Amino acid sequence: MEYAFAPPPVPSLPILGSPQRFPIRRVFCIGRNYAEHAKEMGAAVEPGRPMFFCKPADAVVADGADVPYPSATSELHHEVEMVLALGAGGRDVPVERAASLVWGVGVGLDLTRRDLQAQAKAKGHPWDVAKAFDHSAPVSALHRLDGALPGPDTELRLSVNGAQRQHTRLGEMIHDVPHILAALSTLFELQLGDLVFTGTPAGVAALERGDRFHAELVRYASLDGLIA
Ligand code: MN
């Protein structure tokens, strides 16, 4: 078999304490998973099924590379999130077994063209241009887990130019990790290499060219970057 042109490189993330890299298959994201963030967006908290969207794997910005300010927006928003890296897949995974799919965790930004998202919401259009643009997913090096998921008191936070913008405990999530993965696996057959963004707390706001951000999942992972 011969390709008509060289296939693109496989997007990947560094692994803390290892020379190996984690190859990325797909990127899934959950919307509205912290009540205070849903409220600040003027959205109702839906206690039922979670809402998902996707980003392309090559939207991931790895290794702390600069994030270019995207075209076609004047309202680039940060959303700091815990990112799950899956080491196993499956469909219709029961909640009791779902945590075992998680290979490691990191921290990332679900960057959003908020102005285009507001237009899409108003018109009932899809969110792709607001969420799935190039360089829309900076992610830290991954911390490989040895069994237990980060607990409910684990802190997730983001500062921009040294000032705190977002802060929460993971226990504030509406849908916890097992419930997110169980629900997602009813919609997609999950695969080794998939990443899952788990939602952002309140405090989303604009980033400008020249801003330096520091995202942290305390005791697990951190990411420093520049909006260029
Ligand atoms: Mn998000």
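I started in strand β14, where Val196 is the bridge partner of Phe28. A note on terms: strands are DSSP runs of E, at least two residues, and helices are runs of H or I, at least four, numbered from the N terminus. What I'm looking at is a predicted model, where local features need pLDDT of at least 70, side-chain atom pairs count only at pLDDT 80 or more, and totals for chains, interfaces and linings use all residues. Residues are numbered from 1 along each chain as its sequence is written, and side-chain values use heavy atoms, leaving out hydrogens and water.

**β3 and its partners**

I found 3 bridges between β3 and β14 (residues 195-197), running parallel; strands pair if DSSP finds at least two bridges between them. On β4 (residues 51-55) I found 5 bridges to β3, running antiparallel. There, Val27 sits opposite Lys55.

Then I checked burial (buried is under 20% relative accessible area, exposed over 50%, partly exposed in between, with a 1.4 Å probe and protein chains only). In β3 (residues 27-31), 5 of the 5 residues are buried, so the strand is largely enclosed by the rest of the structure. One face has Val27, Cys29 and Gly31, the other Phe28 and Ile30.

**Glu81**

I looked up Glu81 next, in strand β7 (residues 80-86). Glu81 is buried but has no salt bridge (a Lys or Arg side-chain nitrogen within 4 Å of an Asp or Glu carboxyl oxygen). Lys131, the nearest side chain of opposite charge, is 5.6 Å away. I did find a polar atom of the Glu81 side chain 2.8 Å from the backbone nitrogen of Gly199.

Methods:
Lys, Arg positive; Asp, Glu negative; His and termini not counted. Polar contact = N/O pair within 3.5 Å; in protein donor to acceptor, adjacent residues only side chain to side chain.
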